[in-house]
Number of protein chains: 2
Amino acid sequence: MTPTIEQQHPATGEIQLTEVLAALSDPLRLEIVRRLDADGQERTCGSFDLPIAKSTATHHFRVLREAGLIASREEGTKKYNRIRRDDLDRRFPGLLDSILDQVDAQ
Amino acid sequence: MTPTIEQQHPATGEIQLTEVLAALSDPLRLEIVRRLDADGQERTCGSFDLPIAKSTATHHFRVLREAGLIASREEGTKKYNRIRRDDLDRRFPGLLDSILDQVDAQ
């Protein structure tokens, strides 16, 4: 059975460093995380206006969710996503800032 | 034609953030980099005593080389590898420390 969206979120203590790095190793996923972090609030998948097919976007959001980078909730036909900033900072202090700093500097 | 080992090393300014993250998203490659950084000197591929086939190890070292994380040189039948610490710190200040700190803390 396909896990429900709730089951796709690892607990903070179960977030794995190598999975976080893998999730952020794709330019589009890195950009999604950068924008969610800059916004600091929930955004729907559709609001990103990504230059890719909807099914591909769905895949990328799922990878981010399963790596522990974002939390998603369904409301009606939409998914709302936010960055798990506090969880990530607790699990890997300084890591996300360090990576996003490089993006901003480029 | 297969690129020579020299051609597999990107210049410092060409090292890409997403490629560095992808290279470090594998537990074995992360461990190789951690050990090379801790040692601070050249090591042969064989000296790591990795629990994998030689051809798999060769692949992992090549991924690290092409991402700009390590520099390798051939001498006789052996390859000597070192971490590109200075290049990485110049290109992405603080990034490698931030990632390796998480490994040490785990």
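**Strand pairing and chain contact**

Mentor: Start in chain A, where Glu74(A) has Lys79(A) as its bridge partner in β3(A). Keep in mind that this is a predicted model.

Trainee: Over how many bridges do β2(A) and β3(A) pair?

Mentor: β3 of chain A covers residues 78-83. Its pairing with β2(A) is antiparallel.

Trainee: Which residue in the turn of the hairpin of β2(A) and β3(A) has a positive phi?

Mentor: The hairpin leaves 2 residues between its strands. The positive phi in the turn is about 65°. The residue that has it is Gly76(A).

Trainee: What is the strand order of the open sheet in chain A?

Mentor: The sheet has 3 strands with antiparallel pairing. β1 (43-44) and β2 (70-75) of chain A are edge strands, each pairing on one side only.

Trainee: Now chain B. Which strands of its sheet are the edge strands?

Mentor: Chain B has 3 strands in an open antiparallel sheet, ordered β1-β3-β2. β3(B) is joined to β1(B) by 2 bridges and to β2(B) by 6 bridges. The edge strands pair on one side only, and they are β1 (43-44) and β2 (70-75) of chain B.

Trainee: Which residue in β3(B) is the bridge partner of Thr44(B)?

Mentor: Arg43(B) has Asn81(B) as its partner in β3(B). Asn81(B) is also the bridge partner of Ser72(B). For Thr44(B), the partner is Tyr80(B).

Trainee: At about what angle to β3(B) does helix α2 of chain B run?

Mentor: α2 of chain B spans residues 27-39. The helix lies across β1, β2 and β3 of chain B. It runs to β3(B) at about 75°.

Trainee: How much area do chain B and chain A bury between them?

Mentor: The contact takes 19 residues from chain B and 19 residues from chain A. Carbon and sulfur atoms carry 65% of the buried area. The area itself is about 1,500 Å².

Trainee: Which residues of chain B lose the most area to chain A?

Mentor: Three residues are involved, and together they account for 35% of what that side buries. They are Thr18(B), Leu21(B) and Gln102(B).

Trainee: Which elements give two or more residues to the side of chain B that touches chain A?

Mentor: That side divides into 11 nonpolar, 6 polar and 2 charged residues. The elements that give two or more are α1 (17-24), α2 and α5 (95-105) of chain B.

Trainee: How many salt bridges does the rule find across the interface of chain B and chain A?

Mentor: Polar contacts come to 2 residue pairs, both at pLDDT 80 or more. A salt bridge needs a Lys or Arg side-chain nitrogen within 4 Å of an Asp or Glu carboxyl oxygen. The count of salt bridges across this interface is 0.

Technical notes
Residues numbered from 1 in each chain as written. Chains lettered and ligands numbered in written order. Predicted model: local features only at pLDDT ≥ 70, side-chain atom pairs only at ≥ 80, totals over all residues. Heavy atoms only, no water. Pairing = 2+ DSSP bridges. Helix = DSSP H or I, 4+ residues; strand = E, 2+ residues; numbered from the N terminus. Contact = heavy atoms within 4.5 Å. Axes fitted to C-alpha atoms, helices over the stretch in contact; angles between N-to-C directions. Buried area = accessible area lost by both parts, 1.4 Å probe. Polar contact = N/O pair within 3.5 Å; in protein donor to acceptor, adjacent residues only side chain to side chain. Nonpolar A, V, L, I, M, F, W, Y, C, P; charged D, E, K, R; others polar.
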